[in-house]
Amino acid sequence: MPATEFFAAKNDDLRLLLDAAAEAGRIAMRYFGQTQEVWMKAGQSPVGEADYATDKYLRETLLAARPDYGWLSEETTDTSERLNARRTFVVDPIDGTRGFIAGKDMWCVSVAIVEDGRTLAGVLECPARGETFWALPGKGAWKNDVQIKVREAVAPYEIGGPKAMIDALPEELHAMLLNVPYIPSLAYRLALIAEGSLDGSFVKPSSHDWDIAAADLILREAGGDFLDAQGEKPRYGETEIRHGALVAGSGFLLPIMAKTLATLTA
């Protein structure tokens, strides 16, 4: 039995997320590469028909299956009602909307279940690339039924994120860094670290729970870590859903990056 089916058979929440994310991915693909209506939200962030269609499907499907869970999504108005729920769905119907609109394939449907500030199950469905990432606490991180792990950092290093933050790394590292092309989806960027395709990443301030809750667990279960400027792990599903600058990675590079982040935000 494939690993995904084995674990999903034992965990109803994982099964729910995998099935819902797969169908949401199929819905999104109907719009991918096609002309769709696009609107600009506050802060000049784009949202398209695909975002709303995918969000509607996920909201109706997931809450029908778990009516006692809270709901937090980028494309749904947030309310305090979710704070009364023990568990909450945290959803980004399309993480990487700008890339999606531009026809780039590095986007994903991000779905997670959180409780007491931590992610209990996380799925990233990346249909344009034929990839599904998922994780459960203590069960490892997986991509298409293959367990994934962060890689041991060997020069030259690949560190993503804002150029200004990368430039703040110690001078001696600069000659050992490779340029990392822009990755429209933050969740997918974290998944690339988890699977060993990147060494680490800085994350600029103002990411939200829906950007990172699922990918956070995938990265941790793959042997990485995800920290804020105080060296603390982000918490999810609480009153404050916006985060400051963050750093993701593993091995000896992570404390170097974390120290750089702390210096930048001091």
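Guide: Isoleucine 159 has glycine 200, in strand S12, as its bridge partner. The model is predicted: local features need pLDDT of at least 70, side-chain atom pairs count only at pLDDT 80 or more, and totals for chains, interfaces and linings use all residues. Residues are numbered from 1 along each chain as its sequence is written, and side-chain values use heavy atoms, with hydrogens and water left out.

Strands S10 and S12 (residues 200-203) are paired in the parallel sense over two bridges. Strands here are DSSP runs (E, at least two residues), as helices are (H or I, at least four), numbered from the N terminus; two strands pair if DSSP finds at least two bridges between them. Strand S10 (residues 157-160) also pairs with strand S11 (residues 177-178), in the parallel sense and over two bridges. There, leucine 177 of S11 stands opposite tyrosine 157. In general, strands of a sheet pair through backbone hydrogen bonds, either parallel or antiparallel.

Opposite tryptophan 134 stands tryptophan 142 in S8.

Both S7 and S8 belong to an open sheet of seven strands with mixed pairing, in the order S3-S4-S5-S6-S7-S8-S9. Strand S3 (70-73) and strand S9 (146-148) are the edge strands, each pairing on one side only.
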